[in-house]
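Dear colleague,

I am passing on the structure below for your own work.

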Amino acid sequence: MLTGKSLLRLILALTACLPLAGMSWAAHINTSAHPQTKSKTSARKVSESQRTRRRMRHLARSRSATLTHASVSTRRRRYYERFHMSSFAEDIASGDLSAGEDPVVRQAAIDALGNMNGTVVAIEPTSGRVLAMVNQKLALSSGAQPCSTIKLSVALAALSEGLVSKETEVALGGRSRMNLTSALAHSNNAYFEALGRKLGFEKVAYYAHEYGLGELAGYDIPGEQIGSYPDEAIPEKLGGVGKMCSFGEGVSMTPLQLGAMVSAIANGGTLYYLQHPTTPDEVAGFQPRVKRQLDIAPLIPELSDGMAGAVQYGTARSLRLNFNEEEILGKTGTCSHDGTRFGWFASYANTSVGRVVVVVFLQGGRPTFGPKAAEIAGRMYRNMYDHSFFIATHGWPADAAAVKPVSTP
């Protein structure tokens, strides 16, 4: 039989053992439950990761398809100018009257032009005699937009008005500035737009008419058409006077008009009527006819650096692919109108024995542009040089003092 002390010891012993038993039970429960919870969570994470990766791949494919479709749509919406005229033609010299032309110059022009759809006009700047005119039907037509060759007229107008010198820098927006020499060499449109706006239409038009635009360039040349020069500036929504002075917008100029103006630059300021002899007798009896004297002699050195730069390092440098022996000064022009692209190049050779002006005008599609016209001019100068045209014995005057011009009212 247990005494009171023995019973008390038994109770205390049992009480001490109960927490240990509880802890053991709790640990057993947690130990068995924990692996199950971890396994389910891990499986869930693996499952969600796989679904996420599949979804991301799907989104990536969808985005790629969307971007591809957008780029295709963008390419489809991109504007490509369409041209309806070919840059090439056959028998372009058929029907030309050539009996009074210089045979060396004419053959050089024909060979240089090849099968390009265009015309070449060569002029003796100290007399106004047309030495050769290949594809006369086009040369005598109503002309075309002068493109950037109009910049010659605008530059002379700005120099005449004292608006700039060849070194005057004109602000073109932001921190960009440029002088006349660089603007002519690189045919910078913003520069000449700025000049045009400063000059205004009245002055721009006045000087353009002085230099022969909007009037017949030839004297009694059958079939010659007059081109056109507007009576007012084109609307501002089309670019206004600025666009007229950078691209010749609204103006129609003939190769003969451009040739007469460049001849005046080459000879120091005499604007001759161009004459095209058609027989040997007309050549023998040829007499120059002066249209008017232009007060541009002091301005020519300001202009000539830019024209020389165009050939040396600017838009007409393709000329030097074929010809480097003599100094050539010129100006290119490229633009399009009503589905036809125009390529212009007007130039003169500044040689020790005299000068000759060459104007190349091309029309057609994408292969037609100003640098191509300059390349053709280079081939022509090469052909003339190889056939000894640039020598003193060729028979054409070395300067204006060697001819007796006849003034024509």
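**Helix packing and a strand**

Helices α4 and α8 are roughly perpendicular to each other (65 to 115 degrees counts as such), since their axes, at residues 150-160 and 240-247, come within 6 Å and cross at roughly 115°. Here axes are lines fitted to C-alpha atoms over the stretch in contact, with angles from 0 to 180 degrees between N-to-C directions, and helices (H or I, at least four residues) and strands (E, at least two) are DSSP runs numbered from the N terminus.

This is a predicted model, in which local features need pLDDT of at least 70 and side-chain atom pairs count only at pLDDT 80 or more, whereas totals for chains, interfaces and linings use all residues. Residues are numbered from 1 along each chain as its sequence is written, and side-chain values use heavy atoms, without hydrogens and water.

In the contact (heavy atoms within 4.5 Å), Ile150, Lys151 and Val154 of α4 meet Met244, Cys245, Ser246 and Phe247 of α8.

Helix α2 (residues 103-113) packs against helix α12 (residues 370-386) at about 140°, with the axes 8 Å apart.

Turning to the strand, 7 of the 7 residues of β1 (residues 118-124) are buried, so β1 is largely enclosed by the rest of the structure; buried means under 20% relative accessible area with a 1.4 Å probe, protein chains only. Strand β1 runs antiparallel to β9 (residues 354-364), joined by 6 bridges, and Val121 stands opposite Val359 in β9; pairing requires at least two DSSP bridges.

Best regards

Key
Parallel < 35°, antiparallel > 145°, perpendicular 65-115°, else oblique. Buried < 20%, exposed > 50% of the residue type's maximum accessible area, 1.4 Å probe, protein only.
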